[in-house]
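Please examine the sequence and the structure shown below before reading on.

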Amino acid sequence: MRRWEKLFLIFFVCTLGVLSASEIVTLRSKDGFLLKGWLDLPSKGKPPYRLALMAHEYGADHRMWENLAAQMRRRGYATLAVDLRGHGASDRRHGKKIRVRPGHFSEDAKRIGFRKIPDDLRAWMDRMEARKDIEIEEPVFFGSSLGGGAVIPLMIDFEPKAVVTLSPASPGNFNKKEVMESVEESNSPWLIVSSQRDFARKSAELYAAKAQLPTLLVVPGQGHGSYTLPSAGRYIKAFLDRYLKR
């Protein structure tokens, strides 16, 4: 075997090991969606591991969190990055394919049932609670846009140690009363990221005005959701450094 072939084989085996590290977990929603999530355990520490739950934005999937998920595992957290209903691999309801059509948010919200996403996320937390290797007390929540709004109702249920949301969706996309009660009553440290010309900036400012322990970060430009990450990355790290200390 030539040297380049040996190097390729070593690279392939190492890459396969990285790719196979994720455990694909499944969940059936009450209205028939087969939901999928990617659970990765940290390489250090002993179980049960603390949990970071990650909910992506409209039109994306769990892979948007790869870099932040790796950072959280280095902090000793297990990461569960889920595909929201109608996205990624969570695109089957009662066995039939149903996916979002980017650019048709309002239509997708009704057709797929975005208002039910917080209940899906609660079910994911219940699924993790049943595991012996995961500890769901004081989790960390990450959410972007649609997923950013959807994690908010869970803040009062699970008392997260920290919450990071990028351009969180407006409360009207979900049960508005439930969302605002959680905003006003949760005492979790909460980093709310938006950009100067983000169409979701008003929602970010509303949440920051009503929350008990918010930090509002407005970055330059017009980026939304994941597009704010290049500017917000170091601030997110500093926020987590501050609030995830034991």
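Which residues are exposed on the other side of α3?

## Basis of the report

This is a predicted model, in which local features need pLDDT of at least 70 and side-chain atom pairs count only at pLDDT 80 or more, while totals for chains, interfaces and linings use all residues. Residues are numbered from 1 along each chain as its sequence is written, and side-chain values use heavy atoms, with hydrogens and water left out.

Helices (H or I, at least four residues) and strands (E, at least two) are DSSP runs, numbered from the N terminus. Buried means under 20% relative accessible area, exposed over 50%, and partly exposed in between (1.4 Å probe, protein chains only).

In helix α3 (residues 105–113), Asp108, Ile112 and Gly113 are the buried residues. They lie on the same side of α3, because they cover an arc of only 85 degrees around the axis; the arc is that of the directions from the helix axis to the C-beta atoms. An α-helix has 3.6 residues a turn, so residues three or four places apart point the same way.

The buried residues of α3 pack against β2, β5 and α4 (117–129), where contact means heavy atoms within 4.5 Å. On the other side of α3, the exposed residues are Ser106 and Lys110.

## Backbone exceptions

Most residues other than glycine have a negative phi, and most peptide bonds are trans. His94, although not a glycine, has a positive phi of about 50 degrees. This residue is in the loop between β5 (92–93) and β6 (96–97) and is exposed, with a relative accessible area of 62%.

Ser145 also is not a glycine and has a positive phi, of about 55 degrees. Ser145 lies in the loop between β7 (134–144) and α5 (146–150), and counts as buried at 11% relative accessibility.

A cis peptide bond, with omega about 5 degrees, joins Pro47 and Pro48. Pro48 belongs to the loop between β2 (33–40) and β3 (49–55).
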